[in-house]
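These are my notebook entries on one structure. I set down what I looked up, in the order in which I looked it up.

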There are 2 protein chains.
Amino acid sequence: MKTTYFTVGPAQLYPTYAEHMMHAIDEQIGSISHRSAKFREIYKHTDQQLRILMNIPETHAILFASSATEIWERMIQNTVQHKSCHFVSGAFGKKFCDFSNGLGKQTQIFTSKHGEGFEGITHYTIDDDAELICTTQNETSSGVQILPSDLIALKKKYPNKLLCTDIVSSAPYPNIDFTYVDSAFFSVQKAFGLPAGLGVWIVNEACINKSAMLGQCGVHNTLEQYAKNYESFETPSTPNTLGIYLLGKIAEDMNDHGLKHIRLMMEQRAATLYQITTQVLQPLVVDHAARSVSTIVFNSTRNAKEWNNILAPYGLVVASGYGKYKDEQIRVANFPAIEELAFTQLVKALEQH
Amino acid sequence: MKTTYFTVGPAQLYPTYAEHMMHAIDEQIGSISHRSAKFREIYKHTDQQLRILMNIPETHAILFASSATEIWERMIQNTVQHKSCHFVSGAFGKKFCDFSNGLGKQTQIFTSKHGEGFEGITHYTIDDDAELICTTQNETSSGVQILPSDLIALKKKYPNKLLCTDIVSSAPYPNIDFTYVDSAFFSVQKAFGLPAGLGVWIVNEACINKSAMLGQCGVHNTLEQYAKNYESFETPSTPNTLGIYLLGKIAEDMNDHGLKHIRLMMEQRAATLYQITTQVLQPLVVDHAARSVSTIVFNSTRNAKEWNNILAPYGLVVASGYGKYKDEQIRVANFPAIEELAFTQLVKALEQH
């Protein structure tokens with residue numbers, strides 16, 4: 001029996017993944033040079049499909065790194081001279097902040113209570129000398145989201161600061177208005193339903209200019225090298241070409257299906273999941289506006305291991321709580337790759353046990 | 001018609017690649033958590049198979065990064081405080097040195113003439129304060145190799161310095177004696193015949209201890225994090241699990257075949273290639289000891305584009321010279337993935353045209 005992974009990443013693979021992989025084998029994608037016309041076509045195709053899917057304007061470049069974790073590092077290296085400001089609603093936002101400290105930067109940090117977001121986000125006063133505002137649009141550890149409209153409000157209040165947002169476990173769901181977001185990034189092993197090994201970094205000219213102003217911004221995958229190579233749809237060094245190819249194909253499938261429909265399905269399923277309140281399970285995030293649509297966290301008297309024993313006969317797997325919440329919470333991914341039957345079975349099992 | 005890629009990486013995929021990929025799809029490898037027992041089994045299997053294949057002793061850990069390019073960066077960050085010393089026989093050795101400079105280190109650099117190696121490598125006097133000796137065992141841009149016995153001699157002369165070697169485009173061919181090599185690293189898209197997206201970093205305790213002594217060695221993929229996670233066959237962040245799985249399978253296939261046989265085949269084929277001397281083609285590297293077995297460079301009055309037009313009817317592709325040698329040299333990979341018929345056809349075509 002095949003397993004359906006409701007884990008929050010690595011996660012369930014997109015239903016068309018295997019078919020695209022077969023084509024990739026057939027077309028010998030793994031052998032082609034990253035300095036060839038064929039590679040540039042693949043990059044261009046993936047770039048175009050992501051632009052359509054996520055409404056990414058020409059003002060932003062789409063770059064490929066190895067993971068979102070690497071992008072945290074590159075983001076700080078390339079755009080922060082002295083200080084970054086962090087809105088932290090969980091372990092991954094905290095790690096992003098730790099990276100900035102580790103790179104010798106000062107940080108200003110706003111931390112929400114576990115399971116809470118930042119109500120009235122514009123009421124937080126960001127230091128004058130903070131250059132980059134780091135937000136986690138979807139925090140995988142706590143299932144807390146920041147509404148895209150709050151990102152707009154933040155940027156409107158601080159137009160002279162760079163604003164970046166981590167959409168690792170929500171992209172392509174959130175409707176980000178890139179007029180107000182200088183950079184966003186994600187990994188493909190979450191809602192895109194691909195194997196891990198590729199990070200996508202969306203950046204505008206303001207980030208690239210900041211990097212140029214700072215001068216030497218590290219040595220590998222600097223924005224200067226990226227920008228230069230991106231002009232001809234290439235990468236600074238040999239990338240995960242197979243991952244880029246597959247991402248383009250999945251983005252195309254999502255465009256064919258229509259993101260509108262995918263979003264609606266995700267919202268309906270999220271509503272169903274958030275309605276689950278039993279003696280065993282209750283949604284962690286109470287504030288509706290702060291509730292992630294793509295990664296849903298439950299307080300649970302049963303840990304993920306016990307749940308997965310119950311779910312095993314149905315071939316379903318959920319994720320444990322993150323870090324210290326490992327045994328008292330579970331996390332359920334609501335990614336587009338999940339098929340209806342498995343979703344219905346999961347809801348039934350969660351409600352009845 | 002399928003193409004046979006004699007390019008130096010990305011390169012021809014290993015004949016069993018497609019079969020292993022099918023199994024990976026079947027086993028849903030792309031979905032499993034990097035904190036699961038299944039992942040740890042995969043890591044352990046790949047670790048064991050690489051140890052057998054490349055005779056890697058227990059003194060060395062086997063770590064996974066995104067590429068050898070990333071490992072250049074991490075190697076310098078983690079093991080050099082003030083100065084590194086570089087033996088440069090081509091563009092990639094030079095880039096490794098540039099990375100060290102870019103990270104603010106002093107460098108001592110020995111550069112050979114294009115197409116030449118370092119005869120009497122122990123006669124070079126390395127600065128007392130150089131902490132790390134960086135060598136390129138196989139230089140992909142020039143087809144120059146350093147003999148494994150020269151690495152031993154270097155380490156014997158400088159036992160208190162760390163010695164690392166870039167085996168990106170030769171592993172698993174060279175018989176490295178890890179008693180004398182503190183670190184070696186490679187990418188999988190070369191002689192292992194896999195798609196790009198995974199780098200393998202072999203390091204001993206001396207490197208890890210140096211990193212600990214230095215303290216803060218960057219923020220992502222530091223040796224401290226690696227060493228801690230490696231204890232339980234895990235990685236600091238989500239890795240390219242699919243790549244690790246496939247590498248283990250290919251290493252196992254190579255072990256089944258016997259590296260002895262693979263080496264012999266590569267040596268015989270290299271001898272055949274180096275015998276090609278026509279009005280159009282002559283091997284670049286004259287000194288037999290400096291001749292790479294896995295990546296062979298020819299001076300050519302015809303550029304790679306013209307060669308590939310000639311080779312197209314046979315479904316064969318060779319690589320251009322690197323950088324400024326693009327139009328006057330070609331590079332031919334002699335990797336284990338290449339099948340006999342294609343090899344014979346290539347030799348015939350190169351000799352006759």
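**Entry 1: between the chains.** I began with polar contacts and found 10 residue pairs in polar contact between chain A and chain B, both residues at pLDDT 80 or more. A polar contact is a pair of N or O atoms within 3.5 Å; within protein, one must be able to donate a hydrogen and the other to accept it, and residues adjacent in sequence count only if both atoms are side-chain atoms. I then asked which helices of chain A each supply at least two residues of the side that touches chain B. They are helix 1 (17-26), helix 3 (68-79) and helix 4 (91-102); helices (H or I, at least four residues) are DSSP runs, numbered from the N terminus. Helix 1 of chain A gives the largest share of that side, six residues. By class, the side of chain A that touches chain B has 18 nonpolar, 20 polar and five charged residues.

**Entry 2: on the model.** I note that this is a predicted model, in which local features need pLDDT of at least 70 and side-chain atom pairs count only at pLDDT 80 or more, while totals for chains, interfaces and linings use all residues. Residues are numbered from 1 along each chain as its sequence is written, chains are lettered from A and ligands numbered from 1 in the order in which they are written, and side-chain values use heavy atoms, with hydrogens and water left out.

**Entry 3: extent of the contact.** I recorded 43 residues from chain A and 43 residues from chain B in the contact (heavy atoms within 4.5 Å). The buried area between the two chains is about 3500 Å², and carbon and sulfur atoms give 59% of this; the term is the accessible area (1.4 Å probe) that two parts lose on being put together, summed over both. Gln28(A), Ser31(A) and Val219(A) supply 17% of the area that chain A buries against chain B, more than any other three residues.

**Entry 4: salt bridges.** I counted four salt bridges between chain A and chain B (a side-chain nitrogen of Lys or Arg within 4 Å of a carboxyl oxygen of Asp or Glu). In a salt bridge of Arg74(A) with Glu73(B), the closest N and O atoms are 2.8 Å apart. Over all chains, the structure holds 28 salt bridges. I also looked up Lys94(A) and Asp98(A), whose side chains form a salt bridge at 3.0 Å, N to O. Both residues lie in helix 4 of chain A, four residues apart, about one turn of the helix.

Terms used. Ala, Val, Leu, Ile, Met, Phe, Trp, Tyr, Cys and Pro count as nonpolar, Asp, Glu, Lys and Arg as charged, and the others, Gly among them, as polar.
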